[in-house]
Amino acid sequence: MPPSFPHPKQLARRRFVQGLAAGGVLAATPAWIRAAVANKTRLGAAPVLSGRVIDLVIAETPVNFTGVTRMATTINGSIPGPTLRLREGDEVTIRVNNRLAESTSIHWHGILLPYQMDGVPGISFNGIAPGETFVYRFTLRQSGTYWYHSHSGFQEMTGMYGALIIEPRSGERHPADQDHVVQLSDWTDEDPMHAFSKLKVQSDIYNFSQPTFFEFTRDVSSMGLQAALEKRQMWNQMRMNPTDLADLSAATFTYLMNGTAPANNWTGLYNKGDRVRLRFINAASNSFFDVRIPGLKMTVIQSDGQDVEPISIDEFRFGPGETYDVLVEPNDDAYTLFAQSMERSGYALGTLATRQGLSASIPALDPVEWLTMTDMMGAMSHQGMNQKGMDHSAMSMGNMDMGGMDHSNMHGGMAMDHSQHSGQSMPGMNQATRSPLAKPSSTVRHARTEYGPSVDQRVNTPRTTLDDPGIGLRDLSEKGLRPQGHRVLTLADLKSIDGVLDDQREPVRELELHLTGNMERYSWSFDGLEFGKSTPVSLRHNERVRIILQNDTMMTHPMHLHGMWSELETDQGELRVRRHTIPVQPAQRISYLTTPHDLGRWAWHCHLLFHMDAGMFREVVVS
Amino acid sequence: MRLKKTKLLAALVLAVSGIHTSLAVAQMDSGEMQMQGGSAPANARDPHAYSDGFTLTTGPYAQEGLRQLKLADEHAFWAVLGNRFEYQQDSKTTLYDFQAWYGTTYDRLVIKAEGDVSGGSLEESSTDLLWGHALNAYFDTQLGVRADQYSEGTDRQWLAMGVQGLASYWFELDITAYVGDSGRTALAAEAEYELRLTQRLILQPRAELNLYGKDDGDNGLGSGLSDLALGVRLRYEFNRQFAPYIGVEWTNTYGDTADYRRAAGEDRTNTQFVAGLRFWF
């Protein structure tokens, strides 16, 4: 086994970050919960429920992850909730009994079903009132790794999530000797609404990686006064924080792997020579994780429950709602599953080992990297300007000189396309003669509501490529943070296997929406309109439609569209991969196609729970 | 003396115009390619263009009755911010400077309260009750009333109109114009900056000035620039909501205000150490 890299460093082991060794759901659970649990609870792994009829009980259960006892909202008394192992093609009946004092719900994340079964209170149904039992009944039309969680208030953040695995009728494409669910999440002892209201007052309250004066003086001595000032000029002028990588951090979170704090070291077992399948699910409320297993290559075989062409990588980033299935072939005794949070304040941790009690070395957290001009304004920063040398004076906020941008080209290209519109695409036709909707429009169209108080910045030259691993994961080998040849997964690497993307029709129309926000006011929205001010997006039943999402903020948003697939394409209109949750990077413009097969009203939102609740949420009507 | 006053007024005009420029830049539409502020071009996209006329409560498959799903954008929040709560060594007074708000992201009820307590009694205080409304991404307009109370003097009431927010380069600004009875006018301006020495140790320079339209002999206030205070406070944030500080504040009075001071046997200029607590909840 190659030595783990970089050398482990003793971290400040605060209880908050590490959690309490004896933590977890407290043993003293009421008898009725134990009765509701079909299988025996194993340490660090959720009980598994299978079959066609499932009973779930939602209740408050005391937990202690940090040394303080708090009430969690649990499913059958465990965190995560039970892993549901169901079978493709089965009609399942899932009875959910609410023993809370408030309304609850369960949403089956990524599952195609009738909208009344989707579990979003106020959109698909009325929610499950206290004391009531709601019966979900639907037929599983797909297979793969998914998950389920509450869609009511902040219940998901206080423990209401579990894995949902649907076994394919035709058998697994990649049989494995071991199969482990690795569910990552974030736990706070605070009342989530209190945390949210604090962000409303001071949006950087959880950021302890802010630029400081002494950092500035260090830059002055290393790069000179002029360069040190230039590095900060644009950020300060625009009132933007270059370390605004996440709204919450280990200042309040303890990161969990399968409901287990790092100090308690969740362990997944294998025998030497086994082929091990790891089903990674990001069930966090507000945290992106960068996952790696030092010393082991991972072969990604599935993303968001859909098989992809296998790709060998060393690390991947994923946001709340996304899932990745990987295969690993461990030959040593123990490996660390290391998942540092994107803003580098903490990590979730576990071990893959041949027996309980083993551990491998723990990598150090990476340093916090400042967002770049690419993250702020997209493609413009590629045009012959590097970070340090860029001419800020020519690009100041009020009078951005965009003379060099060739807009006439874009518009000209569009016009030509229109004139030769044939109404259908033909294989083999070259780019110039394809219909205008063969590839996504590149003309940025801001909504008129993006010019008000709800939006703190707009991107005019978005980047459209999919091959950026994102801030903090770029050029890691060159920076000495990883071994040479270290490969980080990007969206561009993902390709659904043949037969997954079955609808080859060209879209009949194109919808463009922008992801927007105002960090200072802590407001998040589509097109500058929070949910309460928005109107639904109306889609026609079975139409092939393109959705363009442009991110006008400096945060990555995992966008989850309920009820239908999001089929990601390149900026050239080449279909790539089928997803249910697509992370859109800062200043990025991406597009995906969808075919709404199921009638009804559906939710569409950022899966960072606080962004969703702040208003980055739309309703979709399929009629 | 005269010259100094002129210089100060010029500086003030510059400061105010600087603020105006900052606001104006945020407001100004200098072309489509601007990244912040501005106004929407005529051909800007309609954010409701994809709705087919449906709303959250009408159209196919809408839930019956009142809309159930309300997110935080429709909630009201509140906060109490104790910006300065300090003991001033020289004048042996305790000063409070609090702001509280209740409301949504874009519309808020704002209360600003400032006063001096000395020898167990409230010497003077000034309280604003305002409606804050979002002007742009970073600034709110504020409209309301202010009541000034003096233990020795004549209480005054004002109509208030101002702006508060975050200017470019992270300057916190709060500027309010006042109109009182008998043609009285006043202008109060505050600017703060936070220099983060470390993640928890923060140096906060602060400037505050007051102008009056005419003399108010009862309260010892002269017309024109009345007083200017420059302070610097060093705080340690045990957490973001609880930060004790020490500092020094220099206050100078001008024109007739300075004369009133002298006549009352007080110094027109004063420098003193302060120690206090910054907090919010």
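The following questions and answers concern a predicted model.

Student: What conventions apply to numbering and to confidence cut-offs?
Tutor: Residues are numbered from 1 along each chain as its sequence is written, while chains are lettered from A and ligands numbered from 1 in the order in which they are written. In this predicted model, local features need pLDDT of at least 70, totals for chains, interfaces and linings use all residues, and side-chain atom pairs count only at pLDDT 80 or more.

Student: What does chain A average in pLDDT?
Tutor: pLDDT is the predictor's confidence in each residue, from 0 to 100. In chain A, 84% of the residues score at least 70. The average for chain A is a pLDDT of 88.

Student: Over residues 382-432 of chain A, how many contacts beyond near neighbours in sequence are in the model?
Tutor: Two residues are in contact if their C-beta atoms, placed from the backbone, lie within 7 Å. The pLDDT over residues 382-432 of chain A is below 50. Where pLDDT is low, the predicted coordinates should not be read in detail. With that caution, the number of such contacts for residues 382-432 of chain A is 48.

Student: How many strands are there in chain A?
Tutor: Helices (H or I, at least four residues) and strands (E, at least two) are DSSP runs, numbered from the N terminus. Chain A has eight helices, and its strands number 32.

Student: Which helix of chain A gives the most to the side of chain A that touches chain B?
Tutor: The contact takes 62 residues from chain A and 54 residues from chain B. Elements that each supply at least two residues of the chain A side include helix 3 (192-201), helix 4 (213-223) and strand 22 (509-518). With four residues, the one that gives the most is helix 3 of chain A.

Student: What is omega for the peptide bond that joins A:Ile79 and A:Pro80?
Tutor: Most residues other than glycine have a negative phi, and most peptide bonds are trans. A:Pro80 is in the loop between strand 4 (70-75) and strand 5 (83-87) of chain A. The bond from A:Ile79 to A:Pro80 is cis, with omega of about -5°.

Student: Is A:Asn76 buried or exposed?
Tutor: A:Asn76 lies in the loop between strand 4 and strand 5 of chain A, and has a positive phi of about 55° although it is not a glycine. A residue is buried if 20 or more other C-beta atoms, placed from the backbone, lie within 10 Å of its own, exposed if 12 or fewer, and partly exposed in between. Because A:Asn76 has 27 other C-beta atoms within 10 Å, it is buried.

Student: How many other C-beta atoms lie within 10 Å of A:Asn542?
Tutor: A:Asn542 is in the loop between strand 24 and strand 25 (545-551) of chain A, with a positive phi near 70°. A:Asn542 is partly exposed, because the number of other C-beta atoms within 10 Å is 13.
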